[in-house]
Amino acid sequence: MQEICAGILCLHPSSRRVLLGLRNDCKEWSTFGGHFEESDLTVKNTAIREFREETLCQNPYKISNEPIYIFQNKFLRYYTFLSICEKMFEPTIDQEHLEYCWFKIDSLPTNILPGCKQMFNKKMPLLNRICDI
(Lines give C-alpha, C1' and ligand atoms only; values in the text may rest on other atoms or scores of the structure.)
Protein backbone atom coordinates (compact mmCIF):
# COMPACT_ATOMS: atom_id res chain seq x y z
CA MET A 1 0.00 0.00 0.00
CA GLN A 2 1.28 3.46 -0.94
CA GLU A 3 1.74 6.12 1.71
CA ILE A 4 0.03 9.38 0.74
CA CYS A 5 2.03 12.54 1.31
CA ALA A 6 1.85 16.16 0.18
CA GLY A 7 3.94 19.30 0.29
CA ILE A 8 4.28 22.83 -0.97
CA LEU A 9 6.88 24.26 -3.33
CA CYS A 10 7.23 27.98 -2.60
CA LEU A 11 8.24 30.05 -5.60
CA HIS A 12 9.31 33.69 -5.39
CA PRO A 13 8.98 34.67 -9.07
CA SER A 14 10.77 38.03 -9.06
CA SER A 15 13.97 36.49 -7.64
CA ARG A 16 13.47 33.16 -9.47
CA ARG A 17 13.96 31.29 -6.19
CA VAL A 18 12.32 28.30 -4.51
CA LEU A 19 12.29 27.39 -0.83
CA LEU A 20 13.69 23.98 0.10
CA GLY A 21 14.54 22.30 3.40
CA LEU A 22 17.52 20.05 4.11
CA ARG A 23 16.07 16.91 5.67
CA ASN A 24 17.69 15.70 8.86
CA ASP A 25 17.16 11.98 8.13
CA CYS A 26 18.69 11.68 4.65
CA LYS A 27 20.60 14.96 4.26
CA GLU A 28 18.78 15.76 1.02
CA TRP A 29 16.86 18.89 0.03
CA SER A 30 13.11 18.74 -0.55
CA THR A 31 9.88 20.67 -0.36
CA PHE A 32 8.28 21.00 3.06
CA GLY A 33 5.56 18.36 3.43
CA GLY A 34 4.57 15.08 4.99
CA HIS A 35 2.06 12.33 5.57
CA PHE A 36 -1.70 12.49 5.02
CA GLU A 37 -3.84 12.24 8.16
CA GLU A 38 -7.54 11.37 7.92
CA SER A 39 -8.43 14.59 9.73
CA ASP A 40 -6.88 16.51 6.79
CA LEU A 41 -9.71 15.32 4.48
CA THR A 42 -7.75 16.38 1.34
CA VAL A 43 -4.14 16.18 0.22
CA LYS A 44 -4.12 19.97 -0.21
CA ASN A 45 -4.98 20.30 3.48
CA THR A 46 -2.15 17.87 4.23
CA ALA A 47 0.28 20.05 2.30
CA ILE A 48 -0.86 23.20 4.14
CA ARG A 49 -0.75 21.56 7.59
CA GLU A 50 2.67 20.01 7.03
CA PHE A 51 4.08 23.24 5.60
CA ARG A 52 2.86 25.18 8.64
CA GLU A 53 4.22 22.56 11.06
CA GLU A 54 7.64 22.43 9.41
CA THR A 55 8.17 26.16 8.75
CA LEU A 56 5.89 27.84 11.33
CA CYS A 57 4.65 29.99 8.42
CA GLN A 58 0.93 30.49 8.95
CA ASN A 59 0.20 32.04 5.56
CA PRO A 60 1.77 30.19 2.64
CA TYR A 61 0.32 32.76 0.22
CA LYS A 62 -1.59 31.65 -2.87
CA ILE A 63 -1.59 27.87 -3.26
CA SER A 64 -2.53 26.02 -6.43
CA ASN A 65 -5.90 24.27 -6.26
CA GLU A 66 -4.44 21.17 -7.86
CA PRO A 67 -1.01 19.63 -7.43
CA ILE A 68 1.53 20.68 -10.04
CA TYR A 69 3.18 17.27 -9.80
CA ILE A 70 2.48 13.82 -8.37
CA PHE A 71 5.47 11.59 -7.73
CA GLN A 72 4.79 7.95 -7.09
CA ASN A 73 6.56 4.66 -6.67
CA LYS A 74 5.38 1.40 -5.11
CA PHE A 75 5.72 2.84 -1.59
CA LEU A 76 4.70 6.48 -1.90
CA ARG A 77 2.45 8.97 -3.67
CA TYR A 78 3.58 12.58 -3.06
CA TYR A 79 1.45 15.53 -4.19
CA THR A 80 3.31 18.82 -4.74
CA PHE A 81 1.31 22.04 -4.64
CA LEU A 82 2.71 25.39 -5.78
CA SER A 83 2.67 28.50 -3.63
CA ILE A 84 3.49 31.84 -5.24
CA CYS A 85 5.21 33.98 -2.60
CA GLU A 86 5.09 37.73 -2.96
CA LYS A 87 8.11 38.05 -0.69
CA MET A 88 10.71 35.65 0.61
CA PHE A 89 10.26 34.87 4.27
CA GLU A 90 12.49 33.26 6.87
CA PRO A 91 10.93 30.01 8.07
CA THR A 92 11.45 28.66 11.56
CA ILE A 93 12.26 25.07 10.70
CA ASP A 94 11.34 22.08 12.84
CA GLN A 95 13.50 19.18 14.05
CA GLU A 96 12.98 17.31 10.75
CA HIS A 97 15.23 19.79 8.95
CA LEU A 98 18.80 20.99 9.39
CA GLU A 99 18.40 24.21 7.41
CA TYR A 100 16.47 25.95 4.67
CA CYS A 101 17.50 27.88 1.59
CA TRP A 102 15.90 29.97 -1.13
CA PHE A 103 17.64 28.48 -4.18
CA LYS A 104 17.76 30.06 -7.63
CA ILE A 105 15.79 27.74 -9.92
CA ASP A 106 18.76 27.51 -12.27
CA SER A 107 21.19 26.68 -9.41
CA LEU A 108 19.51 23.90 -7.45
CA PRO A 109 21.63 21.66 -5.22
CA THR A 110 22.61 18.21 -6.46
CA ASN A 111 21.48 16.36 -3.32
CA ILE A 112 17.71 16.62 -3.82
CA LEU A 113 15.29 13.83 -2.90
CA PRO A 114 14.63 11.73 -6.05
CA GLY A 115 10.92 12.59 -6.26
CA CYS A 116 11.64 16.28 -5.80
CA LYS A 117 14.37 16.14 -8.44
CA GLN A 118 11.96 14.45 -10.84
CA MET A 119 9.39 17.20 -10.17
CA PHE A 120 11.95 19.91 -11.00
CA ASN A 121 13.00 18.09 -14.17
CA LYS A 122 9.38 17.88 -15.37
CA LYS A 123 8.11 21.26 -14.14
CA MET A 124 11.05 23.60 -14.79
CA PRO A 125 9.37 25.02 -17.95
CA LEU A 126 6.29 25.90 -15.86
CA LEU A 127 8.38 27.54 -13.13
CA ASN A 128 10.30 29.55 -15.73
CA ARG A 129 7.06 30.71 -17.41
CA ILE A 130 5.67 31.89 -14.06
CA CYS A 131 8.88 33.78 -13.30
CA ASP A 132 8.81 35.44 -16.71
CA ILE A 133 5.30 36.89 -16.28
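Apart from neighbours within four places in sequence, R23 is in contact (heavy atoms within 4.5 Å) with E28, S30, E96, H97, L98 and L113. This is a predicted model, in which local features need pLDDT of at least 70, side-chain atom pairs count only at pLDDT 80 or more, and totals for chains, interfaces and linings use all residues. Residues are numbered from 1 along each chain as its sequence is written, and side-chain values use heavy atoms, with hydrogens and water left out.

Me: Why is R23 called buried?
Reply: Buried means under 20% relative accessible area, exposed over 50%, and partly exposed in between (1.4 Å probe, protein chains only). R23 has 17% relative accessibility, so R23 counts as buried.

Me: Which element holds R23?
Reply: R23 lies in strand 2, residues 17-23. Strands (E, at least two residues) and helices (H or I, at least four) are DSSP runs, numbered from the N terminus.

Me: Why is K27 called partly exposed?
Reply: The relative accessibility of K27 is 44%, and therefore K27 counts as partly exposed. K27 sits in the loop between strand 2 and strand 3 (29-30).

Me: What makes L41 exposed?
Reply: L41 reaches 70% relative accessibility, so the label is exposed. L41 is in the loop between strand 4 (32-35) and helix 1.

Me: What is said about the phi of L41?
Reply: Phi of L41 is positive, about 70 degrees, although L41 is not a glycine.

Me: Why is E53 called partly exposed?
Reply: E53 has a relative accessible area of 41%, so E53 is partly exposed. E53 belongs to helix 1 (residues 43-55).
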